Amino acid sequence: MSYLDEHVSVWQSIAKMVTAKTRLSQIDEAIDAAMETQAGSKSTIGKTKVALKKAIASKADILNDLIEAYASIEGDDELARQMGDSEWQLFRLSYDELLLRVKAIIAKAEELKETLVTDYGMTEEQVTDLQNDVDRLLEISGQPRAYSVKRSVATQEIAQLLSEANEVLTIQLDKLASVFKNRDANFYNGYVKARLIVGD
């Protein structure tokens, strides 16, 4: 989480926070390595698809978090439930399932665009950028992919690492950051905003 890297002097005196942040960095490196292994068993086009899938999951999660926040405030529990997937949950979907889910997110973002832009900080560029990635994925889908046992193992490892990263963030870092609510409100508020971007 880059926000913590940029403000290390604020929290480095809290040993538990240092430990949690170190573990999160290790997990991030392991995910990158596993994704390289996963992509390594596929063609160049396959590598592009994996990178696009990760980017789409990340960008879609940012938008569905905004829509979920809107739905929660408006009391629309069903919409909030529909927009409740985290980045790693989206990433774990099949390509077809991901595309269906993301199309629904884009459609709802377009429907609520005025409110989301005015009151929730969404930009039109976020929607356009996500749609462009979806279009690119559709362009290259259907190309031959070489699946292997190595890819399957790497996929399982990524899922486990994403789950662990989520636990480190929500169970450890989020709670530890709350120490700064009164001690350093600016840092804490920045952390909360950064977590909305990370999306979980």
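The model is predicted, so local features need pLDDT of at least 70 and side-chain atom pairs count only at pLDDT 80 or more, while totals for chains, interfaces and linings use all residues. Residues are numbered from 1 along each chain as its sequence is written, and side-chain values use heavy atoms, with hydrogens and water left out.

**Overall fold**

- The chain has 12 helices and 0 strands; helices (H or I, at least four residues) and strands (E, at least two) are DSSP runs, numbered from the N terminus.
- Of the 200 residues in the chain, 40% are buried; buried means under 20% relative accessible area and exposed over 50%, with partly exposed in between (1.4 Å probe, protein chains only).
- Among contacts (heavy atoms within 4.5 Å) between residues at least 6 apart in sequence, 76% join residues at least 24 apart.
- The chain exposes about 10900 Å², and carbon and sulfur atoms supply 50% of this area, as computed by the Shrake-Rupley method with a 1.4 Å probe.

**Aromatic pairs**

- The whole structure holds 3 aromatic pairs; rings of Phe, Tyr and Trp (its six-membered ring) pair if their centres lie within 6.5 Å, and planes under 30 degrees apart count as stacked, over 60 as edge-to-face and the rest as tilted.
- One of them joins Y70 and Y120 edge-to-face, at 6.1 Å centre to centre and with 80° between the planes.
- Because Y70 lies in helix α4 (residues 44-74) and Y120 in helix α8 (residues 113-120), this pair ties together parts that are 50 residues apart in sequence.
- Y70 and Y120 are both buried.
- The ring centres of F180 and F187 are 4.9 Å apart and their planes stand at 70°, so this pair is edge-to-face.
- F180 is buried at 1% relative accessibility, and F187 is buried with a relative accessible area of 3%.
- Y3, F180 and F187 form one aromatic cluster.

**Charges over a ring**

- K49 lies over the face of Y95, 4.5 Å from the ring centre; this requires NZ of Lys or CZ of Arg within 6 Å of the ring centre and within 35 degrees of the ring normal.
- K53 also lies over the face of Y95, at 4.7 Å from the ring centre.

**Helix α9**

- The buried residues of α9 are V127, L130, D133, V134, L137 and I140.
- They cover an arc of only 165° around the axis, so they lie on the same side of α9; the arc is that of the directions from the helix axis to the C-beta atoms.
- On the other side of α9, E125 and E139 are exposed.
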